[in-house]
Amino acid sequence: MDMILAAGTPAPDFSLHVTPDQKLSLKELRGKPVILAFYPADWSPVCGDQMALYNEVLSEFHKFGAELLGISVDGVWCHDAFAKDRHLHFPLMADFEPKGAVAKAYGAYRAQEGFCERALFVIDKKGVIAWSYCSPVAVNPGADGILEALENLPK
Amino acid sequence: MSLRVPVGEQDHVQGSADASCTLLEYGDYECPHCGRAHPIVKRVQKHFGKKLRFVFRNFPLSEMHPHAESAAETAEFAGAHGKFWEMHDALFENQEQLGGALYLKLAQEFALPPQELRAAVENREYLARVKSDFTGGVRSGVNGTPTFFINGKRHDASFEYDDLVEAIQAALASA
């Protein structure tokens, strides 16, 4: 298991599909804080809870002007079905081809299993990682760490 | 993880402030796990009697549970009329039927003004109250429901009767 990228590291840019016909790159979000939530898979029970929680906490994230992006190796159609089923109001990015490339760049890929760690990154408005946290795969890391990191960002 | 918002005036509390142990639950009236925890909490309360006080805070996952928020607001409405726990119990006991018809039926049962209840839920009068419970929960590390805190410390073991009793006993022993 690699170490995930630590605070102070410039966040590697990426461009991934958020819908079947739309891509989003990290640098498009420069100027506002970004929360990257890598998670193992759509539909697995813990992630479901984690994404459901973030969905409810979204308005708190928005108070800091922050954008939340979920990332897993699932494909766009899978994300689409998952987001619809759970009424998710934030984008899910497909780290699908080449598989896990973005997760690898962040040190958040589990090569043996072939999916992402449950890793969280808060990136400041200049594109530098301000906080990162890797949770045991079976444990929902909650949102308190993210909120605290957002609070600690320089105004 | 520890509780960031201490138990205070705004809380719904069963038991005495002098109790040596406080069990606090963040819950959702539509969450099946909370429904299952409900009778377990009752048994735990009975087991410890005056040594334990119980606090309930709202943590409705409303995107997943379409009635969770209205149920929480109904309980808060009842709370404002001194009937929180009656409503709280009835909502969990009728978890399958959450919705306007049930709320009105329960309002009648507890002699609460049904028109006022209807208006309160429609106008989201208790939304801010419920939201503030929710936000405090998130900051305390609540990441799903039910989440219990025992004397302010998050209880990460299961909420089965034996596990709760054991954890509370440990808290009482160290109090």
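Colleague: What makes the span of helix α7 of chain B agree with its 14 residues?

Modeller: The expected span is 1.5 Å times one less than the number of residues. For residues 161-174 that comes to 20 Å, and the end C-alpha atoms are 20 Å apart, so the two agree. Helices here are DSSP runs (H or I, at least four residues), strands likewise (E, at least two), numbered from the N terminus. This is a predicted model: local features need pLDDT of at least 70, side-chain atom pairs need 80 or more, and totals for chains, interfaces and linings use all residues. Residues are numbered from 1 along each chain as written, chains are lettered from A and ligands numbered from 1 in the order written, and side-chain values use heavy atoms, without hydrogens and water.

Colleague: Why is Arg139(B) with Glu151(A) called a salt bridge?

Modeller: The rule wants a side-chain nitrogen of Lys or Arg within 4 Å of a carboxyl oxygen of Asp or Glu. Here N to O is 3.0 Å, so the pair passes the rule. Across the interface of chain B and chain A the rule finds 2 salt bridges.

Colleague: What is the area buried between those chains?

Modeller: About 1,300 Å², with carbon and sulfur atoms giving 52%. Buried area is the accessible area (1.4 Å probe) that two parts lose on being put together, summed over both. In chain B, Glu63(B), Arg139(B) and Asn143(B) lose the most, together 48% of what that side buries.

Colleague: Why is Lys84(A) called exposed, and what is Asp80(A)?

Modeller: Lys84(A) has 58% relative accessible area, which puts it over the cut-off for exposed. Asp80(A), at 28%, counts as partly exposed. The two form a salt bridge at 3.1 Å. They sit 4 residues apart in helix α2 of chain A, so about one helical turn separates them.

Notes
Buried < 20%, exposed > 50% of the residue type's maximum accessible area, 1.4 Å probe, protein only.
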